[in-house]
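Student: I am new to this structure and would like to know what stands behind the words used for it. Please show it first.

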Amino acid sequence: GIPPRWGIKGQMVKVDQKQWREFNPEVIYYCGKDSRIIDFIKKSEGWKDVIAVQKGRIYSFPCELTCRASVNAGYFIKWLFSSIYEEELFSSTKLLYTEGIYSRRKIELPLTYVESAEIVYSKLKDYTSKALLIRFKTPMNIVSTLEGQRTGIMTVGNHYLPPNLWSWAHRIGLEGSRDYVYKILRLNRADSSLLFTGADMDNLAIVKKSFKAMSVYALVTAGVRSNAVRTSVDVGRFYEPGTINIILMTNMKLTPRAMTRAIITATEAKTAALQDLDIRSSQTPIESQATGTGTDNIIVVQGTGYQIDNSGGHTKMGELIGNAVYDAVIQAIKKQNGIEKDRDVFQRLLERGISLYDVVFSARLPEDVNKKELLAKLEALLLKPEYAGFMLTALELSNSKNNYLKESFKRWAENIVSEIKGKQAQVIPIVEKSKWPVPIKIAFDALIGGIIEN
């Protein structure tokens, strides 16, 4: 990839249409979801008349790569290469490495019917893919939300495909990429069942819960940054391999009824974990908590031993499944995304797509207000526990449909604005965000109103 050299220094530079057309970019990439400039380029005469637009070679990458590339420079280069040079990536004659498993890491899973459990590292199209593989001593029955009920299974697992290979997987389709992965891992699809994910297998969480002689293991990978959704609110547009993947195993023998009921119990536990972490929907982040990623999958293994016929919430088996899945989802999200329950108010605002800069510079303010100073003072206020707590309450209330709570919050907001000003004051409309939940607007109106002079 040859970057433009316009002889202009600075973090951001202005480019006129003549420079743009003379350089004639063959590829354009941009940051995250900020596609406003891309939309302009695609629609505007002169700007759209370049090879990249004509051939549709426009790519979006996460901000942590494009804007903070020094931290993940090598990783970004791999992903950029796989996007630009697809033909080289797909060519079997230009590979640098021999495809297949090159390393293994043992996983402790002390169940009598388990022959081995490990994470295997393999080369696939010159990139490293990773898979959790659990092999059984005798054939098992399983229930998989990806494949349905299956019998005679000798291996279950969870396969991680790195983002560098997502375009490859899209090109050959789910079945094609699945067949390729099975071949690389030397598995037989007739007696194997895998889940597929974009969450790194090195971030696997394994949680065991026990009561007397009964034990349950939950093996979970989870990533919630890109496609978390709230079921019943968000729109379904596509299908991809799962992002929160759960494998459930026990030292008891689950009947078909108990296996299928375990899926409900595990799903409820997963959703409880997402709500307690306040994971936001990727489609409606301001007003909606996520209930899943929209692409999640579960495998329940039958197991051996004493027969269990029920795994609902009133049973000990259901309790252990719920507790194991809840803790494992919490751990997996922390490992993969770095999200914890007690993260600060600034992070929670960003997760909702709320920029303090945008709030201040789009607000309805007196002409003499220095917006840069106002922004600094707003940030300083939110560093104080009492005001951070006020804003966090507004964020929580934005999930609620209870209007009585919102009315009570308005009274609290009047106390906040008066406290900041040092005299009695009213909350006045300042924030120009008509589609925002009322509590968030009121909170910003109170904080900004308290800062600015009468």
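Predicted model: local features only at pLDDT ≥ 70, side-chain atom pairs only at ≥ 80, totals over all residues.

Tutor: Residues are numbered from 1 along each chain as its sequence is written, and side-chain values use heavy atoms, with hydrogens and water left out.

Student: How many helices and strands does the chain have, and what makes a run count as one?

Tutor: There are 15 helices and 13 strands in the chain. Helices (H or I, at least four residues) and strands (E, at least two) are DSSP runs, numbered from the N terminus.

Student: What share of the chain is called buried?

Tutor: Of its 454 residues, 48% count as buried. Buried means under 20% relative accessible area, exposed over 50%, and partly exposed in between, with a 1.4 Å probe and protein chains only.

Student: Why is strand 9 called largely enclosed?

Tutor: Nine of the nine residues of strand 9 (residues 214–222) are buried, so this strand is largely enclosed by the rest of the structure. Met214, Val216, Ala218, Val220 and Ala222 point one way, Ser215, Tyr217, Leu219 and Thr221 point the other way, and all are buried.

Student: How do you know that strand 9 pairs with strand 8 and with strand 10?

Tutor: Two strands pair if DSSP finds at least two bridges between them. Strand 8 (residues 205–211) and strand 9 have seven bridges, in the antiparallel sense, and Ser210 has Ser215 as its bridge partner. Strand 9 and strand 10 (residues 244–250) also pair in the antiparallel sense over seven bridges, with Asn245 as the bridge partner of Thr221. Both pairs therefore meet the rule of at least two bridges.

Student: What lies between strand 8 and strand 9?

Tutor: The two strands form a hairpin with two residues between them, and Lys212 in the turn has a positive phi of about 55 degrees.

Student: What makes a set of residues a nonpolar core?

Tutor: A nonpolar core is a set of buried Ala, Val, Leu, Ile, Met, Phe, Trp, Tyr and Cys residues joined through side-chain atoms within 4.5 Å. The largest one has 45 residues, of which Leu132, Ile134, Phe136, Trp168, Met249 and Val301 touch the most other members. Strand 5 (residues 127–144) gives the most to this core, with eight residues. Apart from it lies another core of 40 residues, including Ile246 and Leu320.
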